Amino acid sequence: MRSSNTIAHKAHNPERKPFELPRYDEIALVLQGGGALGSYQAGVFEGLAQAGVEPHWIAGVSIGALNTAIIAGNAPEQRVAALRGFWESICHPLDWFGNLGSLALPLFGHNDLARRWASMWAAGRALTEGQPGFFAPRRPLPVAGLHKTPPSAVSYYDTAALKATLQRFADFERINDGPIRVSVGAVNVRSGNLVYFDNTKMRLEPEHFMASGALPPGFPAVEIEGEYYWDGGLVSNTPLTEVLRDADHKDTLVFQVDLWSASGNAPADFLDVAERAKDIQYSSRTRAITNMLADRQKHARFIKELLEHVPADARRSDPLFRLAETVADGSSINVVHLIYKNKPYEGHYKDYEFSIDTMEEHWSSGLEDIRASFSHPDWFTVPSREQGFVTHDIHRRAGEVPESDRNDLPTAHEPVDLQLPA
């Protein structure tokens with residue numbers, strides 16, 4: 001078990017002061033999938049680095065897995081620069097036609113339309129041209145029904161270039177032998193089971209991270225030791241469960257960085273429907289997990305309350321009561337939840353819109369949100385075992401997420417009330 005009395009290392013940016021955290025046994029960074037939105041996670045990590053907060057464990061899915069490889073595959077002082085290099089290498093600058101629309105439309109007072117034009121055009125280029133160092137259109141495409149091909153060839157795009165990009169920006173020896181635990185989720189195509197490739201259990205290679213981001217039918221399945229794997233987001237887009245599985249009897253701080261927001265506006269047209277459906281599909285699992293965890297903590301406290309009515313001799317002598325005491329001890333988990341907030345110009349294509357301008361905006365949003373979170377030092381207090389589980393979200397605190405989306409999750413100021421009978 002790793003722990004420290006104070007996590008306060010020298011900040012990468014001398015203009016910002018290190019942030020002092022209380023003692024936690026585990027500090028985890030959880031990175032959701034979301035394609036081009038993943039540069040938001042890079043911005044969050046830059047804020048963590050500036051504050052001198054280094055995670056013990058990073059768990060990622062899809063684009064979150066690729067960001068995980070870059071972070072864990074570099075020395076602390078090089079991680080932000082490596083993330084910057086990775087994102088700049090896979091994103092397109094606007095071409096002349098995209099620039100023409102984005103520059104001409106404001107002349108007629110259409111500023112919002114200009115930004116939407118640039119975003120839509122960049123997304124269209126990604127569909128037709130692919131992204132450098134990431135994926136390219138597969139030509140010719142396999143023709144359905146005429147002949148069978150390996151799963152690694154059945155896709156609209158070829159991701160072979162991604163392996164070289166990962167090797168360029170991440171040191172896999174460091175990933176496997178460094179201080180950070182790494183877990184990335186993928187789905188076994190044959191069994192349909194979600195599995196986590198973990199550097200405490202195996203040697204991780206670029207293919208493990210590529211498999212985590214192999215979302216069909218766009219990207220092909222990745223073969224690993226005779227089995228084929230797809231994007232872990234097909235089963236669970238947020239690897240929070242994997243971290244919490246190991247959290248028993250630990251004080252754990254989790255920075256959970258989501259790219260899809262459960263709350264949003266009612267759709268007004270078919271394009272809005274497509275965007276809203278993606279948001280709900282890829283965010284709802286996070287809400288279910290946090291609800292489950294809150295229920296588990298309630299049950300642990302309930303058992304603890306019941307044990308107070310059992311004589312001490314019985315608790316010491318009966319193995320069942322001793323086991324119940326272990327369960328009742330539970331854990332203290334603090335989740336700092338950072339959720340990307342949609343921009344007005346974005347649409348259903350936002351997860352494959354890889355323009356440089358949009359990447360920078362996502363990155364800045366992540367950096368702003370983590371800095372705002374650190375402006376509330378009380379959020380980082382270790383919860384008592386009585387509280388068990390608390391969660392914080394800068395947008396919820398600011399009133400940007402409706403009460404209905406809170407799902408009755410306890411906060412640091414709202415201990416669970418079991419309403420035990422007299």
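Helices (H or I, at least four residues) and strands (E, at least two) are DSSP runs, numbered from the N terminus. The structure is a predicted model, in which local features need pLDDT of at least 70 and side-chain atom pairs count only at pLDDT 80 or more, while totals for chains, interfaces and linings use all residues. Residues are numbered from 1 along each chain as its sequence is written, and side-chain values use heavy atoms, with hydrogens and water left out.

A place to begin is the annotated site. In an unreviewed entry, UniProt lists Ser62 and Asp231 under "active site". UniProt positions are given in the numbering used here, feature names are shortened, and annotations may be inferred rather than shown by experiment. The two residues span 170 residues in sequence, yet no two of their C-alpha atoms are more than 5.9 Å apart, so they gather at one spot.

Where does serine 62 lie? Serine 62 is in the loop between β2 (57-61) and α2 (63-72). A residue is called buried under 20% relative accessible area, exposed over 50%, and partly exposed in between (1.4 Å probe, protein chains only). Serine 62 has 11% relative accessibility, so serine 62 counts as buried. Aspartate 231 is also buried, because its relative accessibility is 2%.

The surroundings of the two residues can be described by contacts, meaning heavy atoms within 4.5 Å. Leaving aside residues up to four places away in sequence, serine 62 touches Gly33, Ser212, Gly213 and Asp231. With the same exclusion of residues up to four places away, aspartate 231 touches several residues, among them Val61, Ser62, Ala186, Ser212 and Gly213. The side chains of aspartate 231 and serine 62 are joined by a polar contact of 2.6 Å. A polar contact is a pair of N or O atoms within 3.5 Å; within protein, one must be able to donate a hydrogen and the other to accept it, and residues adjacent in sequence count only if both atoms are side-chain atoms.

Next come the charged side chains. A salt bridge is a side-chain nitrogen of Lys or Arg within 4 Å of a carboxyl oxygen of Asp or Glu. The whole structure holds 16 salt bridges. In one of them, lysine 250 meets glutamate 26, at 3.2 Å from N to O. Lysine 250 lies in the loop between α9 and β9 (251-258) and glutamate 26 in strand β1 (residues 26-31), so the pair ties together parts that are 224 residues apart in sequence. Both lysine 250 and glutamate 26 are buried.

Lysine 250 also forms a salt bridge with aspartate 246, where the closest N and O atoms are 3.1 Å apart. Aspartate 246 has 32% relative accessibility and therefore counts as partly exposed. Which residues are linked in a network of salt bridges? The network consists of Glu26, Arg181, Asp198, Asp246 and Lys250.

Another salt bridge joins lysine 350 and aspartate 279, with 3.0 Å between the closest N and O atoms. This pair links distant parts of the chain, 71 residues apart: lysine 350 is in the loop between β10 (332-339) and α13 (356-374), and aspartate 279 is in helix α10 (residues 270-307). Lysine 350 is buried, with a relative accessible area of 2%, and aspartate 279 is buried at 2% relative accessibility.
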